[in-house]
Amino acid sequence: MVVHAADPEFARLFGLSADEICGLGLLDLLRSSVPARLREQFAALSSGRCGRFTETVTGRDGSGRTFTAEVTGRAVRRPSGEIAGVVVLLHRTGDAQRPGNDNEPVSDGPVLSVLDAQVLEGVAGGESTVQLASRLYLSRQGIEYRVGQMLRRFDAPNRPALVARAHALGMFAVGQWPPRVLPERVK
């Protein structure tokens, strides 16, 4: 999904001109709390399996601040019925913050249960399944189940990728060791 043409206002949301945004990957510009679902929705549009979808996403503006938006993708068909392309509409719904700035609102993103946050913190800190199970008073299978759920939720193939995705989504407090999930990301 590469941007072939863009309205100047669409490009301006990302701090770019219409010429600069052309050639960039759309999925590099937009982030979803469930990346695999967003990719699948665009694939379904491109293949003709669906005609339209709407999803909440985040993006980064020219100053590096994140924003939330509602993206709507719609398949465009030729008179023959063949898919000619995909039109993407982006409606900005809110501002978010640059990490570490307490004076601005916080970005939307995944929210974890207290137990899942503790497991994610342990994984990010390098704890093994046995160490996590002992510390959290769970079975090894209980830890593996929770890690597996988060791997699927974050569309991550393994534990290091899970931690990287969580970091990219702004789940962790900046500059803190051991890693701690931000309180606003825990329900």
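Visitor: How many aromatic pairs does the count come to?

Guide: Three, where Phe, Tyr and Trp rings (for Trp, the six-membered ring) pair if their centres lie within 6.5 Å. One aromatic cluster is formed by Phe10, Phe14 and Phe67. Bear in mind that this is a predicted model, where local features need pLDDT of at least 70, side-chain atom pairs count only at pLDDT 80 or more, and totals for chains, interfaces and linings use all residues. Residues are numbered from 1 along each chain as its sequence is written, and side-chain values use heavy atoms, with hydrogens and water left out.

Visitor: Why is α5 called oblique to α6?

Guide: The axes of α5 (residues 114–124) and α6 (residues 129–136) come within 10 Å and cross at roughly 140°. That makes α5 oblique to α6, because under 35 degrees counts as roughly parallel, over 145 as roughly antiparallel, 65 to 115 as roughly perpendicular and the rest as oblique.

Visitor: Which residues in α5 and α6 meet?

Guide: Leu115, Gln118, Val119, Gly122 and Val123 in α5 meet Leu132, Arg135 and Leu136 in α6, contact being heavy atoms within 4.5 Å. By class, that's five nonpolar, two polar and one charged residues; Gly goes with the polar ones.

Visitor: What makes β1 and β2 a pair?

Guide: Two strands pair if DSSP finds at least two bridges between them, and nine join β1 (residues 52–60) to β2 (residues 66–77). The two strands run antiparallel, with Thr54 opposite Thr72 in β2.

Visitor: What phi does Gly64 take in the hairpin of β1 and β2?

Guide: A positive one, near 90°, in a hairpin with five residues between the strands.

Notes:
Axes fitted to C-alpha atoms, helices over the stretch in contact; angles between N-to-C directions. Helix = DSSP H or I, 4+ residues; strand = E, 2+ residues; numbered from the N terminus. Phe/Tyr/Trp six-rings, centres within 6.5 Å; stacked < 30°, edge-to-face > 60°.
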